[in-house]
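Student: I would like to go through the side-chain interactions of this structure. Could we start once it is on the screen?

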Amino acid sequence: MAGLRLANPTMLASGILGYSAETLETIVDGGAGAVITKSVGLKPRNGYANPTIVQTSCGLINAMGLPNPGIDEFVKEIREAKNTLDVPLIVSVYGFSAEEYATVTKKAVNAGADAIELNVSCPHVKETGSEIGQNPKILAKVVEKVKASVDKPVFVKLSPNVTSIAEIAEAAVKAGADALTAINTVRAMAIDAEAAMPVLSNKVGGLSGPAVKPIALRCVYEIYEKVKVPIIGCGGITNWRDAVEFLLAGASAVQIGTAVAVKGANVFKAISRGIDAYLEKKAFKSVEEIVGLSHRSYPA
Ligand SMILES: Cc1cc2nc3c(=O)[nH]c(=O)nc-3n(C[C@H](O)[C@H](O)[C@H](O)COP(=O)(O)O)c2cc1C
């Protein structure tokens with residue numbers, strides 16, 4: 001997919017257990033076909049004060065604030081992960097300008113990243129993330145600059161917090177994106193009735209988990225109708241049936257985040273075995289045969 005060879009179509013989503021080579025190894029042992037690191041930027045960031053995550057009846061809301069050690073420190077983990085993992089290693093990158101995205105990307109690729117995922121969709125940090133990904137012109141500049149600086153596949157991770165995700169997808173592809181990841185979290189909040197105040201220190205965060213699955217499916221379906229590059233579906237995938245629905249909507253692979261926190265690393269094995277069993281039962285020979293298969297109408 002987009003120049004990478006995957007043993008199965010499941011990947012670890014960015015931000016879930018993704019900084020040390022050791023935890024990434026646990027995820028690969030659990031059956032992931034590729035791993036995405038947590039988003040890394042040019043300089044170290046502490047992130048927000050606690051509470052940064054809250055469990056609701058339908059999923060998690062997080063506003064971590066992109067805590068990370070900065071790329072110069074993180075390259076050590078990239079090198080170690082590259083030496084120990086036998087699946088593609090994709091580094092998630094954020095920045096506050098096109099130049100920053102490109103600088104961090106170059107350092108990540110020099111350290112061994114097999115591909116880059118641009119986080120232009122984090123919903124809770126000002127002047128980066130979705131503030132870039134919601135504006136097609138700024139997004140195009142970032143993607144062009146990054147593509148011109150490295151020779152590895154560049155994925156662009158899109159935000160659902162826009163009027164038309166398909167239009168943003170088209171802008172990313174025109175600027176050179178090799179694949180699109182859809183979606184990052186959905187802007188949301190929780191309020192504590194006893195304390196009479198927002199639960200998260202940042203007030204607003206991003207919702208993930210089962211509640212966002214129908215939104216993510218709709219996004220993948222709409223993007224598939226507009227662009228030709230591979231789509232990686234993400235959002236609320238918990239079991240093989242969810243994953244198959246994303247493939248039928250048009251995704252060529254899936255990312256799993258919140259379900260890893262809930263079910264553990266073996267969720268990858270369970271999901272890829274389930275996909276295999278579905279393909280066999282329906283007499284399909286490969287995942288490719290079902291990508292986008294649901295794009296047909298009811299007979300008139
Ligand atoms: C605690 C937490 C941290 C996250 N951190 C990042 C991040 O650093 N970069 C990013 O692109 N997405 C991040 N995400 C978003 C996930 O990668 C994913 O897009 C989203 O959670 C939807 O998938 P899920 O429902 O399977 O979790 C984070 C999500 C959670 C729950």
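This is a predicted model: local features need pLDDT of at least 70, side-chain atom pairs count only at pLDDT 80 or more; totals for chains, interfaces and linings use all residues.

Student: Understood. How many aromatic pairs does a search of the whole structure find?

Tutor: The search finds two aromatic pairs. In one of them, the ring centres of Tyr94 and Phe96 are 5.9 Å apart.

Student: Is that pair stacked or edge-to-face, and why?

Tutor: The planes of Tyr94 and Phe96 stand at 85 degrees, so the pair is edge-to-face; the cut-off for that class is over 60 degrees.

Student: And is Tyr94 buried or exposed?

Tutor: Tyr94 is buried, at 2% relative accessible area. Phe96 is partly exposed, at 34%.

Student: What about the pair of Trp240 and Tyr278?

Tutor: That pair is tilted, with 6.0 Å from centre to centre and 40 degrees between the planes. Trp240 belongs to helix α8 and Tyr278 to helix α10, so the pair links distant parts of the chain, 38 residues apart. Trp240 is partly exposed, with 25% relative accessibility, whereas Tyr278 is buried, with 14%.

Student: Changing topic: how many salt bridges are there?

Tutor: The count comes to eight salt bridges. One of them joins Asp114 and Lys82, whose closest N and O atoms are 2.8 Å apart.

Student: Which residue forms a salt bridge with Glu99?

Tutor: Glu99 pairs with Lys145, at 3.9 Å between the closest N and O atoms. This bridge runs from helix α3 to helix α5, and its two residues are 46 apart in sequence.

Student: How far apart in helix α7 are Glu222 and Arg218?

Tutor: Glu222 and Arg218 are four residues apart, which means about one helical turn separates them. Their side chains meet in a salt bridge of 3.3 Å, N to O.

Student: Which residues are linked in a network of salt bridges?

Tutor: Lys213, Asp242 and Glu245 are linked in such a network.

Student: Finally, where is Thr52?

Tutor: Thr52 sits in the loop between β2 and β3 and is buried, with 9% relative accessibility. A polar contact of 3.5 Å connects its side chain to that of Asn50. Beyond its neighbours within four places in sequence, Thr52 has contacts that include Ile61, Met64 and Leu200.

Conventions:
Residues are numbered from 1 along each chain as its sequence is written. Side-chain values use heavy atoms; hydrogens and water are left out. Rings of Phe, Tyr and Trp (its six-membered ring) pair if their centres lie within 6.5 Å; planes under 30 degrees apart count as stacked, over 60 as edge-to-face and the rest as tilted. Buried means under 20% relative accessible area, exposed over 50%, partly exposed in between (1.4 Å probe, protein chains only). A polar contact is a pair of N or O atoms within 3.5 Å; within protein, one must be able to donate a hydrogen and the other to accept it, and residues adjacent in sequence count only if both atoms are side-chain atoms. Contact means heavy atoms within 4.5 Å. A salt bridge is a side-chain nitrogen of Lys or Arg within 4 Å of a carboxyl oxygen of Asp or Glu.
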